Amino acid sequence: MTRRGRTLAVASLAWTLALAGACATPAPSGGELRRRALHDASDRTGVAVAPDAIGAAAADALAAAPLTDANAVRLAVLAHPSVRAALARLGVTRADLVQAGLISNPVFAADAIDFSGRPELEFALAQPFLDLFLRPLRARVASAELAATEAAVARDLVHLAFEVRRALAEVRAADRLTSLRRDALATATSARELVERLHAAGSVSAPERTLVEDAELRARLALLEAEAAAEEARETVAALFGDARPPPGFAVPDGPRDELPALDLGDVEARAWRASLDGREAEALLDAAVHGRTLAGRRAGMRTFELGAVARREPDATFGAGPAVALTVPILDHGQAASARADAVVAVRAAERDALRLRVESTARRLRGRVRATGERAALLRDRHLPLRARFVRETLQRYDAMQVGAFDALAAKREELEAQQAYVATLRTAWLARLDLEELLAGSLVDLAHATPIDDRASPPQEGD
Amino acid sequence: MPTTRRDFLGAGTLAAGLLGCGLRPAVAAPGDAPAPAGAAEPPPHRPVVTPDGATLGHRLVDGVKVMHLVAEEVDHEFAPGLVARCWGYNGRVHGPTIEAVEGDRLRVYVTNRLPAPTTVHWHGLHVANGFDGVSGLTQPAIPPGATFLYELTLTQHGTFMYHSHHDEMVQMAMGLMGMFVVHPRRPASPPPDRDYAYLLSEWAVDAGLRRPDPNEMSDFNVLTFNGRVFPGTTPMVARRGERVRIRIGNLSATDHHPIHVHGHSVEVVATDGGDIPAAGRWPETTVLVPTGSVRVLEFVADHPGDWAVHCHMTHHTMNQMGHGLPNLIGTDAAAFDAAVRRHLAPGDGAAAVEPLPNAIPMLGAVGPHGYVHMGGMFTILKVRDALIGDAAPGWYEAPPGTTAAPATAEALARDGIDLRVVPAPDRPPAPKPAPPPPGHGHHHGGG
Ligand SMILES: [Cu+2]
């Protein structure tokens, strides 16, 4: 290389280093992002999980502890692969942000053309400069996208926590229903045994016996149904713990939860929107689109703008060097389509944000209604209906003792009490689920009501003639 | 341990109060019969006794017996443990027995303190049509708060009744009735030594309720002698050899009652239509008293003992019968009961619930030899060689060897009773299993 060539190379390197140094935008570290996401989710769910605890060892240790709500949420965060996936998504977006802060590398080109044994050599070094001008805007876009991802990840963590709590509520309700149906079967079995004795003694007709036998069978079917539901509810819980599955038939402590703790139902629409992580995600995406629109305007059809140097050695061995420039001439495409697209994206995201707000607010109102209605009904059932049914059983027993009603009427009173308790458990379950749905919404995660708790009580007892 | 109706039946336990009440003397409450004002003439008859009832007092005004019936609500006790708010007269259910003498003139004032109009009909008495008491037909109903006057001249003697004849089904179901005895002015024979009056009636008072149900048409569950059920009925008494008269009127809603007297044969000597001539009487042990009728029986109490007197319709000697209960004959009732209580009673059936209020055992009370399995229309005639006053004596003490008791081995051996053998004449030969009919099978055609 000639002296001039060396000079050129050194100059290029210095230039590049200068550019690189000027453009170092600091992105948060991956660990910091994970910590922030977990911290945000903890604030919203009340269950703290240390980011460095995530992994099999901690999960195994926790799996041995009693399965309280908090432990279960922690266990799911530690062990469920979706958490690792969510946190890894932060890495993807963070890399995008870092990428947005980098300047494109210089391009070196060389060619050698042989003119009958006398070569012509040409060397060129070009540095793309468009990036340099657009880089702050690109970083803003990437930053906003990272904020959107952070919101989405926190939302997914919150959602997981409430999935866990809902699943536990389902197990509690299913266990209670199973236990009631077991009692109902015991009552039906006694009735069947009694009717068999009477039939053997010649005091009850065959069809009467048949009906009582069939009633026992129906009680058995109802129990089987409840047991299957309880097993499935347990599987839903277990699946949330990844590989740290509890053993089959695991116990769920701190039942039966008849009392629903007080929940502030004031101004839930505004509170839900203020807290909404979906909202934060939508705002961040809108932000990104706005910066993207500015970016598109700045480009104005420019694709290329490079500065560099070129050196050539002619076949006759003469050597020359000089500056080089390459740029797009925006006379055919001066960026109007890209700008229009960017405008449209802003409009789309703004409209999506608005639609989301309406959904969040409407969901808040609906859930508030459900919480009120189911809470009121559960309280009425618990405080009035069940005591009345219990009183009726006691009064029926008095009349049974006074030989005013027979054994089967007496057992029917008990069966009706157990049915009332089942109806109560069904309503209590709905009340808990509605409440957890609203809590989740107020913690920032939009509940999809299409897939959430139906307002009708499930698991109400089978009725005669169904 | 709970004292339930079920326990009464099963174990025969009994509260002491129930036992005592069966022994009250059969005397009228003195307050109900004030001395007739200005009447000093001793009655030419023996006063009638209404067990558990009373006799209406009167005053003489210018030779007319003036009486006052007040129809009103009454809390009436059928037997200890069973009280219902009924309708009666002068604070009683049923109303006090009206007692007079053939030829008497009566002015009976009837005050209505009920919440409904009412009248009084003098059942069997020949009165002026306008005093017959049929509301709407012979008189306007007596409105609440009003007092009507009935003037009766007694041209008959015998046993009669009085009762409301307004909205009869309701008012008689509520208890508005009483007996009306007219003694003969010149008795053809000496009066009996004992003269008892009974009014039979029937009620619907479901266990645990406190009102008779006047809408009931057939299913009456409280069947009364003078408004009482056993063990609340007061016994009759008689000295051995005394002539006893029992006047029985029946104002039940639908039922006729065959009244059976143990230990004696009786004759019906009169009805509410008049005396039956001696030639028209025949001996009986059970006298059917149709509803709306009176039968007067007489007999000589010549057999000492505690003799049952009761309606012979078995469910008329039950109190507050339940219905639709499983038939437990042939099953282990205790195990059956335990299985039911296990599900219903607290503590897996171990704990007691308080017994049903205002309900009495379906059957009776403890007697001298265990539980007396009778209720309802059941009372006791106590015949003794000696009595102190008219008070009911205690339980009859049978002379040795005159009470059914477990057979001794000596007696069995003496009489050749082999307990392993059922005597052949009582046991028809076992039927031979029928042989299958020849050619039995599913042959079709060829016949
Ligand atoms: Cu009878």
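Start in chain B by selecting strands E4, E9, E8 and E6, which in that order make up an open sheet of mixed pairing. Strands here are DSSP runs of E with at least two residues, helices are runs of H or I with at least four, and both are numbered from the N terminus; two strands pair if DSSP finds at least two bridges between them. E4 (98–101) and E6 (121–123) are the edge strands, each with a single partner, so one side of each has no neighbour in the sheet.

A word on the model before you go on: it is predicted, so local features need pLDDT of at least 70 and side-chain atom pairs pLDDT 80 or more, while totals for chains, interfaces and linings use all residues. Residues count from 1 along each chain as written, chains are lettered from A and ligands numbered from 1 in written order, and side-chain values use heavy atoms, without hydrogens or water.

Pick His123(B) and you will find its bridge partner, Met161(B), in E8(B).

Next, select the copper ion. Its donors (N, O and S atoms within 2.8 Å of the metal, or 3.2 Å for Na, K and Ca; water is not among the atoms, so sites may look incomplete) are ND1 of His257(B), SG of Cys311(B) and ND1 of His316(B), at 1.9 to 2.0 Å. Both His257(B) and His316(B) are buried, meaning under 20% relative accessible area, with exposed over 50% and partly exposed in between (1.4 Å probe, protein chains only).

Finally, jump to His80(A), in the loop between helix H4 (69–79) and helix H5 (81–101) of chain A.
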